[in-house]
Protein chains: 2
Amino acid sequence: MEAARLEGFLADRDAWRATHCSIGRAMGVVGTRSAMLILREAYYGTTRFDDFAERVGITEAVASARLKELTAEGLFERSPYKEPGQRTRYEYLLTEKGRDLLPAVLALMQWGDKYLHGGRGGPIGMRDDLTGEPVRVEVRSASGREVPLGELRLTPNVSEEAARRSLRR
Amino acid sequence: MEAARLEGFLADRDAWRATHCSIGRAMGVVGTRSAMLILREAYYGTTRFDDFAERVGITEAVASARLKELTAEGLFERSPYKEPGQRTRYEYLLTEKGRDLLPAVLALMQWGDKYLHGGRGGPIGMRDDLTGEPVRVEVRSASGREVPLGELRLTPNVSEEAARRSLRR
DNA sequence: ACGCTGACTTTGACATTGGCAAGCCAGGGT
DNA sequence: ACCCTGGCTTGCCAATGTCAAAGTCAGCGT
């Protein structure tokens, strides 16, 4: 029955509800298979519409809809480019906001590697390109300690007053 | 145009497709808003059916369907318990598989905190309960270096032969 | 002027998700 | 014997996600 420790008025679990939960909001933005896979492709270096559709294995309709949404949300920006002898086209470049989702995407991959391949591990491994060491996504404190669920403390970030408002039941 | 470095035959981006991608599989298991929010609640310590429905803010029908799926996938196990004078009931306890999704869920929360609250940050903060230090989800190499997207190297995990089979276009 | 190509858009069909409301069921309490 | 309560299940409906296939459009090369 290991769980995080809830501090302050969060401890009374019946007194509040996570109505402005970042997890829920994040899932509203990237909560589809296609959005996550498009991000994966972008991390692999893909920038062009047709490549996204083809490499992710989704229809152009879905690629179009998702890229439009992700661009509107600011995870990609549409940037004109011109190859000699070609007309101007647009490519989809990751913004910082898009790049900052890397830990979330890699954490999913890491979990899938461990549990969804019959113990054989995933098809692609991650290493630090400078040192060659394996890379992992971890929950760590500022001083570098890895923090397990049971040693995680959750605290209200604002005054109880304001928090009650934004955590209203 | 920063991206990961693709090693070996992965470098020829037109020669393979991530058909057995762990990210896609993981999204098949926990790729719904309700699944992620139920996990969040479990990390907060919730174990009982009604509490999940009420605290997550979903209907009992959705809670029932999702808990059944997540239990079938092995993220929760159904365990009988008995309060005195009550009949035997079941609670949903996180398994290691469920607990191992913590980095993914927290990474989403961290991202949402940064970008989806108008710069004000999220309503709940994370600290190391032992030291009080802030906690973050990070992509790190074995020796503790934080690895940005541009310094991440992706390598095929198996022989080119076998990999081609599992990464078939 | 015309065709080709990359980049979409549209249409139509189907599955999944999620909300609301009502119903069911087992086993204690009375 | 009957009711109550926690824990689901069922039915219905709207919204969203996905696919397949066909259509559109801009502009460069010829």
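This is a predicted model: local features need pLDDT of at least 70, side-chain atom pairs count only at pLDDT 80 or more; totals for chains, interfaces and linings use all residues.
Residues are numbered from 1 along each chain as its sequence is written, and chains are lettered from A and ligands numbered from 1 in the order in which they are written.

**View 1. The protein surface near DNA strand C.** Helices (H or I, at least four residues) and strands (E, at least two) are DSSP runs, numbered from the N terminus. H4(A) gives the largest share, four residues. Sorted by class, the surface has eight charged, six nonpolar and five polar residues. In this sorting Ala, Val, Leu, Ile, Met, Phe, Trp, Tyr, Cys and Pro count as nonpolar, Asp, Glu, Lys and Arg as charged, and the others, Gly among them, as polar.

**View 2. Chain A as a whole.** Take a moment to follow the fold from end to end. Chain A has seven helices and six strands, and its pattern along the sequence reads β-α-α-α-α-β-β-α-α-β-β-β-α. Its C-alpha atoms fill a box of roughly 65 × 40 × 30 Å along the principal axes. The radius of gyration, taken over C-alpha atoms, is 20 Å for chain A, whereas a compact globule of 169 residues would have one near 15 Å. That globule rule is 2.2 Å times the number of residues to the power 0.38. Of the 169 residues, 41% count as buried. Buried means that 20 or more other C-beta atoms lie within 10 Å of the residue's own, exposed means 12 or fewer, and partly exposed is in between, with C-beta atoms placed from the backbone.

**View 3. Where chain A meets chain B.** The contact takes 81 residues from chain A and 81 residues from chain B. Two residues are in contact if their C-beta atoms, placed from the backbone, lie within 7 Å. On the chain A side, helix H6 (residues 102-115) provides the largest share, 13 residues. This side divides into 42 nonpolar, 22 charged and 17 polar residues.

**View 4. How the two copies are related.** The same surface serves both copies, as 100% of the contact residues of chain A recur in chain B.

View 5. Three strands form an open, mixed sheet in the order S4(A)-S6(B)-S1(B). Strand S4 (124-128) of chain A and strand S1 (5-6) of chain B stand at the edges with a single partner strand each, so one side of each is left without a neighbour in the sheet. Two strands pair if DSSP finds at least two bridges between them. S4(A) and S6(B) (residues 152-156) are antiparallel over five bridges; Met126(A) has Leu154(B) as its bridge partner, and Ile124(A) stands opposite Pro156(B). S1(B) and S6(B) run parallel, joined by two bridges, with Leu6(B) opposite Leu154(B). S6(B) has a covered face of Leu152(B), Leu154(B) and Pro156(B), and an uncovered one of Arg153(B) and Thr155(B).

**View 6. Helix H3 of chain B.** Which residues of H3(B) (residues 49-56) are buried? They are Phe52(B), Ala53(B), Arg55(B) and Val56(B). Their cover includes H2 and H4 of chain B. Just after H3(B), Gly57(B) takes a positive phi of about 80°.

**View 7. Gly45(A) in its loop.** Gly45(A) lies between helix H2 (33-44) and H3 of chain A. This glycine counts as partly exposed because it has 17 C-beta neighbours inside 10 Å. Leaving aside neighbours within four places in sequence, Gly45(A) is in contact with Ala3(B) and Arg13(B).
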